[in-house]
Amino acid sequence: MTQTTVHEPPAGAGPEGRAGPEGRAPADSPAAQAPATAPGGRTRDPFFDNAKFLAILLVVSGHAIEGLYDVHLAHAAYLFIYMFHMPVFIVITGYFSRNFSFSGGKARKLITNLGVPYVVFEIAYSTYDWKVGHNNLHITLLDPYFLTWFLMALFMWRLSTPVWQQIRWPLGVAVAISLMSYMGTLSDQLDMHRVFGLVPFYVLGLLLRPEHFELLKRPVSRVLGALVLAGGFAASFVVDRHMATEWVYWRSSHAKLGVDLVTGTLMRFGMLVVATILVAAFLAVVPRRRTWFTTLGTTTLYAYLLHGFGTRLMKFVGWYDLDWMHTVPGVLTLAAGGAVVGTLLCTKPVVKVMHWALEPRMTWAFTPLRRPRSKR
């Protein structure tokens with residue numbers, strides 16, 4: 001690469017329900033805020049920050065149009081976005097997790113940058129759903145609510161990193177685990193279908209090297225990437241009438257989706273392949289140089305975890321029932337509004353106000369590593 005990448009892993013965004021979408025990663029991830037120049041004089045590669053920012057706009061815009069499925073454009077765009085926006089974050093997260101270990105305070109970061117935000121927003125969203133949505137109060141840290149599933153999944157993927165780095169065929173094993181996980185019904189606890197089902201993208205990221213991304217930065221790759229994305233978007237208009245939205249949430253077994261094991265497995269494998277191609281195409285069109293939004297790409301977790309309060313409010317107060325929204329202009333307006341909101345939630349004022357919840361400093365909570373006493 002022309003510039004040395006020094007970020008740490010990111011986070012993404014995902015579907016709705018008690019287990020929802022994606023966002024930015026912790027401070028030890030590409031989603032974390034960091035200076036343009038890292039310690040040692042090495043420079044952050046703006047490519048990954050640009051990718052995270054553009055991906056989080058897809059996340060927020062996708063959620064904004066979620067209640068407009070009756071509009072052909074909205075449902076097709078939703079399926080298209082959800083086919084790859086989460087995998088984009090997961091692949092980048094895996095790439096920056098290659099050097100993860102339990103030394104050097106990285107284990108502490110799992111708690112402060114994933115564990116604490118998970119607890120805070122699990123309680124916050126559950127309470128919001130109760131007070132504003134007038135639903136029953138249900139708080140449990142074992143059943144991720146809405147957007148928080150990604151933090152739980154990332155926590156578990158990070159813990160598994162040393163295993164993937166030592167087995168002989170990590171990607172093949174990850175794909176096999178993913179496909180088999182949908183053959184039966186797993187518990188909703190810890191959102192296990194997503195943890196197992198999406199793990200191939202994390203492992204793929206672990207296996208990638210800088211030279212692989214250099215291939216995507218070539219001019220011909222940008223052209224091919226644009227063509228692939230355009231073709232994928234066009235194809236979504238064809239498949240959206242035949243594909244249930246639940247497929248792209250990666251959280252339901254074959255039985256729940258009403259298909260047999262062979263059909264379901266082939267469908268999931270096809271989705272893994274298509275999602276990987278779309279991720280590569282998306283990354284190929286991402287700007288390589290520093291742009292006005294590069295810095296915003298370092299704080300995408302803020303947009304990820306905070307935008308849900310707005311989209312849930314729209315649902316709670318019945319805004320999606322307005323007739324004008326269920327038109328093409330209405331869909332475009334909400335999508336554009338989502339992009340604006342996503343951008344604002346990545347800005348410094350928001351980071352300053354919410355830093356305590358998303359990137360808390362908790363040195364008081366830790367002690368030096370305890371080591372077993374040697375036998376005399």
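Two directions count as roughly parallel at angles under 35 degrees, roughly antiparallel over 145, roughly perpendicular from 65 to 115, and oblique for the rest. Keep that in mind for our first pair.

This is a predicted model, where local features need pLDDT of at least 70, side-chain atom pairs count only at pLDDT 80 or more, and totals for chains, interfaces and linings use all residues. Residues are numbered from 1 along each chain as its sequence is written, and side-chain values use heavy atoms, with hydrogens and water left out.

Now the pair. Helix α4 spans residues 149-164 and helix α7 residues 199-207. Helices here are DSSP runs (H or I, at least four residues), numbered from the N terminus. The two pack at about 50°, axes 11 Å apart. Axes are lines fitted to C-alpha atoms over the stretch in contact, and angles run from 0 to 180 degrees between N-to-C directions. So α4 and α7 are oblique to each other.

Who meets whom? From α4 come Leu-154, Trp-157, Arg-158, Thr-161 and Trp-164; from α7, Val-199, Tyr-202, Val-203 and Leu-206. Contact means heavy atoms within 4.5 Å.

Next, Thr-311. This residue sits in helix α12, residues 300-316. Is Thr-311 buried or exposed? Its relative accessibility is 10%, so Thr-311 counts as buried. The cut-offs are under 20% relative accessible area for buried, over 50% for exposed, partly exposed in between, with a 1.4 Å probe and protein chains only. Leaving out residues up to four places away in sequence, Thr-311 touches His-63, Ala-64, Phe-146 and Tyr-320.

Last, Leu-283. Beyond neighbours within four places in sequence, Leu-283 contacts Phe-47, Ala-51, Ile-92, Phe-213 and Leu-216.
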